[in-house]
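Let's explore a protein model together, one question at a time. Have the picture open as you read.

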Amino acid sequence: MKTKYIIYTLLALLIAFLLYNKFFSKKAKQNSAATAGKGKKKNGPVSVNIMVVKDTSVRNQIDITGSIDANERVNLISQTAGNITGIFFTEGSKVAKGQLLVKVYNQDLQSSLQQVQAQMVLARDINNRNKILLEKEAVSKEEYETSQSSLAAMQAQAGVIRAQIARTEIRAPFSGTIGLRNVSPGGYLSPSTSIATLVNIDPAKLTFSVPERYLPIIDKGSKVTFTVESSRDNFNATVYAIEPALDANSRTITVRAKAPNPKGVLTAGAFAKINLTLDQIPKTIMVPTECVIPDLKSSKVYIYKNGVAVAKNVKTDLRTDTKIQIVDGLKAGDSVVVSGLIQIRPKSPLKILKVIK
């Protein structure tokens, strides 16, 4: 009996499987046919924007970085030691060349100079008197030369003392802006003590490095444009010096230019973004970068022709932030597709939404 029930159960399962398979197989074929039927329907045109290309001029430029340096910069120190008797500048102010900034005690030197000057008066009188007497042959030539030598020695001694006095006075070596002082009146000043920093920033110096391949186009008098973080203005500089040798590690050459800075907007040590014009191409074709589809061997673009998309192989060269130069494959008047490129295939019907200028 058990064997009979097992056989009946297996037969029932087999019949159910055959019915299920027949039903769903038929439905799957119907779905497949419906899908195939939909696939045969013709796609509508792709909506695109186009740009009519034309010949244009373009500058071949590179962006590099550099730094702003002062035209002149010096750390002021004293050549002699002594107590400070006077400070004659205000921190952060402009000073003129030769202006007295700091004075060190020199009363002892002033007294020595007065003493020598008094001796010089006597030596000059003796020399003048001996000159008159020599003409009258009242004194020997040897006596006159002795008095003349004594006067010259006094004058030399006075010159030495004046030089020593000058070393006790620290003056501005050039016109510029003086920084924060590090000394106070009455303090002891030694030759190793920094008084303040004097900076001349007009004109400002712009220092940057240029790759070796661009060396032939850089020369004295070349113009560069740059910007700094502290200002929205564009600044111009003129190259005036080029390092005679390349850097062996980076294969770059250091270039220095001068930029007018009458308002003091440029600050020494600032970071500069430099736009260097290599050359100017008077006639070429530039298209938006997104137009160009890169390929393994070449690049291509789609143009609008007689209502459909036509693929064109192109050769590219110069790139900017938003555009790319086409040196072969396009001509002025071609309508280049600039949008909807993912949906386009060769001979796809197109619908123009906008013509970009």
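Strand 4 (residues 82-87) and strand 6 run antiparallel and are joined by three bridges. This is a predicted model, in which local features need pLDDT of at least 70 and side-chain atom pairs count only at pLDDT 80 or more, while totals for chains, interfaces and linings use all residues. Residues are numbered from 1 along each chain as its sequence is written, and side-chain values use heavy atoms, with hydrogens and water left out.

Q: Which residue in strand 6 is the bridge partner of G86?
A: Helices (H or I, at least four residues) and strands (E, at least two) are DSSP runs, numbered from the N terminus. Strands 4 and 6 are linked by three bridges, and two strands count as paired if DSSP finds at least two bridges between them. In strand 6, G86 is partnered by K103.

Q: Which strands stand at the edges of the open sheet of four strands?
A: Strands of a sheet pair through backbone hydrogen bonds, either parallel or antiparallel. Here the order is 7-6-4-9, with antiparallel pairing. Each edge strand has a single partner strand, so one side of each is left without a neighbour in the sheet; these are strand 7 (169-171) and strand 9 (188-189).

Q: Is N106 buried or exposed?
A: N106 sits in the loop between strand 6 (100-104) and helix 2 (107-135). Not counting residues up to four places away in sequence, N106 touches I165, T168 and E169, where contact means heavy atoms within 4.5 Å. Buried means under 20% relative accessible area, exposed over 50% and partly exposed in between (1.4 Å probe, protein chains only). At 3% relative accessibility, N106 counts as buried.

Q: What is the phi of K347 near?
A: Most residues other than glycine have a negative phi. K347 is found in the loop between strand 20 (335-337) and strand 21 (350-356), and counts as exposed at 70% relative accessibility. K347 has a positive phi, near 70 degrees.

Q: How far apart in space are R129 and S147, C-alpha to C-alpha?
A: R129 is in helix 2 and counts as partly exposed, at 46% relative accessibility. In sequence, R129 and S147 are 18 residues apart. In space, C-alpha to C-alpha, their separation is 9.5 Å.
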